Amino acid sequence: MKTALAAIALLAAALAAHAQSSFFPQESETAAAEAAAARDYLAAKDRWHNELAAFARADQERFPAPGGVVFVGSSTVRMWTRLQQDFARVPGGVINRGFGGSTLQDCSLFARDLVVRYKPRQVMVYAGDNDLAEGRTPLQVLDSFARFANAVRAELPDARISFISVKPSPSREQLMPQIRETNHVISAYLNLLPNSEFIDIYTPMLGADGRPRMELFRGDRLHMTDEGYRLWHSVIAPHLPVPPAPPTASLP
């Protein structure tokens, strides 16, 4: 109950702030916020210079066609090496823009660089556990996701936004209460956001004892095995667009 009330309070505050900034902007507050965002963005660009440069080189070699699906997020996305093969039948193809060690806060800063520029029909986001490991609260993670969603929707109003729940890694088992709360508040937020969805991979990654299934994780107890990615594929595939049905042969 406390979690739900906190989520509702934060959402109400965010909506009120958005309405106020849209209709009654405070020039000094807007300028200060824009300056802070610019500083955060430049710092993040410097921190992730090598990863962003690699994406730029890939785009120069072959820029993805619009209308596909972008997967963005932390190392769980980056290390999905068979992502394109696993979703080869997705119309428009899939684009992997995962960068290891990143946070949902980073994703919000790079929403235009790693999502909007490709003009996808759908965005799959996985991040948040690194934020929690760095000491951010579930509501701070929600705020980062809301900023990400707002940045995407500002330029791609028809894009579907799908959030893949934070997974229960054995190495971060002590954070599971925060992980559950993060998943809860983001799910509550998505219930209010049109053309969006929350994809629960947390539950199927737990064993009958309620603890993380060790066979889904590598020796570092953080990143996933091939079996873990097969589970993810089975859960995520139904949420992706499917090829159009072939035309029915006309009767003579």
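Q: What makes a residue of this predicted model buried or exposed?
A: Buried means under 20% relative accessible area, exposed over 50%, and partly exposed in between, with a 1.4 Å probe and protein chains only. As the model is predicted, local features need pLDDT of at least 70 and side-chain atom pairs count only at pLDDT 80 or more, while totals for chains, interfaces and linings use all residues. Residues are numbered from 1 along each chain as its sequence is written, and side-chain values use heavy atoms, leaving out hydrogens and water.

Q: Which residues of helix 11 are called buried, and why are they said to line one face?
A: Helices here are DSSP runs of H or I with at least four residues, strands are runs of E with at least two, and both are numbered from the N terminus. In helix 11 (residues 226-236), Gly228, Tyr229, Leu231, Trp232, Val235 and Ile236 are buried. Down the helix axis they fall within an arc of 155°, so they line one face; the arc is taken from the directions from the axis to the C-beta atoms. Asp226 and Arg230, on the other side, are exposed.

Q: What does Ile236 touch?
A: With contact meaning heavy atoms within 4.5 Å, Ile236 touches Phe71, Trp80, Phe87, Met124, Ile164 and Ile199, not counting residues up to four places away in sequence.

Q: Why do strand 2 and strand 5 stand at the edges of the sheet?
A: Two strands pair if DSSP finds at least two bridges between them. The open sheet of five strands has the order 2-1-3-4-5, with parallel pairing. Strand 2 (94-98) and strand 5 each have a single partner strand, so one side of each lacks a neighbour in the sheet.

Q: How do you know that strand 4 and strand 5 pair?
A: They share four bridges in the parallel sense, and pairing asks for at least two.
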